Amino acid sequence: MAMEQNIASAQQSQSTFFSFKNIKLGFHFLISYAPYLIIIPALLTLGDLKNRIIPMPKSWPIIVIVFLATLYFRGRPGNVYLVDFACYKPDRADMMSKQELLNIMSSTFDNEAVHFQKKVLERSGYSDKTYLPGSIRILPAKLLTFDESRMGLEKVMFGAIDDLLVKTKVKACEIGIVIVNIGLYNPTPSLSAMIVNHYKLGVDVLTYNISGMGCSAGLISIDLANRLLQTQVSTYALVVSTESNDSGYYLGKDRSKLVSNCLFRMGAAAILLSNHFSDSNCSKYKLMHVVRTHKGADDKAFKSIYQEQDEDGNIGISLSKGLMVVAGETLKSNITTLGPLVLPVSEQILYFAYIIARKIFKMKNIKPYIPDFKLAFDHFFIHAGGRAVLDEIKTNLELTEWHMEPSRMTLYRFGNTSSSSVWYELAYSEAKGRIKKGDRAWQIGFGSGFKCNSVVWHALKTINPAMEKNPWTDEIQDFPVNVPEIMPLSV
């Protein structure tokens with residue numbers, strides 16, 4: 001009897017050992033190390049063959065390697081480093097609970113609009129500690145003004161930049177490139193000019209202002225900074241990502257436009273990039289890849305997030321019912337381009353086999369193969385656009401709740417801060433002590449147009465949370481928290 005149990009136990013262990021997961025990991029290991037198993041013996045064999053035919057100096061492998069390395073480094077782009085970044089944490093005076101916001105809405109909108117926004121707020125997944133500008137508090141007694149928007153943006157932008165300069169110890173006069181992205185507010189002079197004036201930057205500074213490109217514009221700014229740094233010699237690029245909450249506030253009755261009133265919150269991030277080789281020792285991350293996808297040629301995607309006037313002349317941003325479908329399709333297009341750049345060869349082979357089975361052998365019943373991006377990345381920072389967006393991406397990429405935690409907690413604590421949200425998420429992981437040297441992080445942004453953009457970073461050091469100061473530092477011990485599906489409010 002004991003022998004039968006031992007045999008059964010051995011068979012069960014053997015079955016577990018040969019499970020699909022273990023076989024897949026073994027395949028991944030074999031493919032990953034195949035170049036070393038093939039190339040090194042081939043070089044040794046080639047060396048012996050050459051010596052038999054034509055006598056070669058003993059150092060010939062070194063000469064060949066140096067020659068190939070020279071060709072490689074001359075043809076590749078220069079490295080761009082993320083020295084550090086800072087996220088703005090508003091004052092407690094700017095904190096507004098969902099109930100407070102709903103009370104303001106009750107005095108501003110009719111009953112139907114109030115009850116609709118109440119449902120959105122209850123299901124938003126937001127805490128009662130998110131932030132909104134003071135101009136929202138004075139509605140409806142006073143309408144939103146252009147100057148109040150300007151002052152609010154100066155507050156968040158300069159606050160983030162001040163923190164960044166303190167953290168990096170870089171002088172403002174050393175900055176050679178300034179890029180600001182914002183969706184809904186475009187004053188003259190521009191926001192980038194406001195920064196030049198406030199910090200008294202040099203006359204030769206290159207400035208760019210990106211507007212109207214939605215919540216993915218922060219990663220577009222990183223791409224632009226990267227391209228500019230390839231053409232400049234030893235300089236710094238300052239990227240500022242923010243949004244104007246009051247400029248996009250809708251005062252009409254159209255439900256598709258009322259949703260945005262409930263979603264967006266105060267926030268800003270300032271990022272310092274460098275092409276100084278010497279900064280590789282003090283920087284946190286190295287930029288690896290930027291992949292941008294634009295579905296603007298498709299009318300449904302183009303109008304999925306659309307600013308327009310309603311029948312009463314009120315300007316607002318419409319969010320279409322098909323937005324989640326558009327986002328999913330755009331993400332698939334983006335990862336199709338990103339995959340070959342980051343996925344291990346083993347995953348690419350499995351995905352290629354799936355495509356052949358579907359397209360050539362017409363095996364329609366075969367289960368769709370989703371590449372395991374967890375083999376390519378250690379951290380996922382998905383734009384905290386809303387609970388539904390995060391749920392959709394979790395399903396599509398088969399991520400765990402641990403991977404989703406930075407995005408969900410950012411949405412809960414700070415709300416949708418637009419293009420800066422991916423930086424609050426990275427700050428969360430740093431405050432948790434999760435970033436280790438060699439880790440790879442994937443930032444994913446979505447925005448109007450419709451666009452999906454990806455940025456991949458390589459961690460150059462292990463981040464010690466005790467040495468960090470960011471918006472999470474004083475309260476990180478309170479997270480993660482359980483976020484209810486519905487948080488009831490009263491009218």
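View 1. Leaving aside neighbours within four places in sequence, T168 is in contact (heavy atoms within 4.5 Å) with V83, D84 and L272. The model shown is predicted, so local features need pLDDT of at least 70 and side-chain atom pairs count only at pLDDT 80 or more, while totals for chains, interfaces and linings use all residues. Residues are numbered from 1 along each chain as its sequence is written, and side-chain values use heavy atoms, with hydrogens and water left out. T168 belongs to helix 8, residues 146-168; helices (H or I, at least four residues) and strands (E, at least two) are DSSP runs numbered from the N terminus. With a relative accessible area of 16%, T168 is buried, where buried means under 20% relative accessible area, exposed over 50% and partly exposed in between (1.4 Å probe, protein chains only).

**View 2. Salt bridges around E468.** A salt bridge here is a side-chain nitrogen of Lys or Arg within 4 Å of a carboxyl oxygen of Asp or Glu, and the structure holds 25 of them. E468 counts as buried at 14% relative accessibility, whereas K167 is partly exposed at 25%. E468 also forms a salt bridge with K284, at 2.7 Å from N to O.

**View 3. The salt bridge of E401 and R408.** The side chains of E401 and R408 meet at 3.1 Å, N to O, in a salt bridge. E401 is partly exposed, with a relative accessible area of 40%, while R408 is buried, with a relative accessible area of 17%. Elsewhere, salt bridges that share partners join D84, K167, K284, E430 and E468 into one network.

**View 4. Helix 9 and what covers it.** The buried residues of helix 9 (residues 191-199) are L191, S192, M194, I195, V196 and Y199. Their cover includes helix 8 together with strand 2 (175-182), strand 3 (206-211) and strand 4 (236-242). After helix 9 comes K200, which has a positive phi near 55°.

View 5. Strand 7 (residues 305-309) and strand 8 (residues 315-319) run antiparallel and are joined by five bridges, strands being counted as paired if DSSP finds at least two bridges between them. Q307 has I317 as its bridge partner in strand 8. Five residues stand between the strands of this hairpin, in which G313 takes a positive phi near 90°. S320 is placed in the loop between strand 8 and helix 13 (323-342), and is partly exposed, with a relative accessible area of 30%. Not counting residues up to four places away in sequence, S320 touches K303 and S304.
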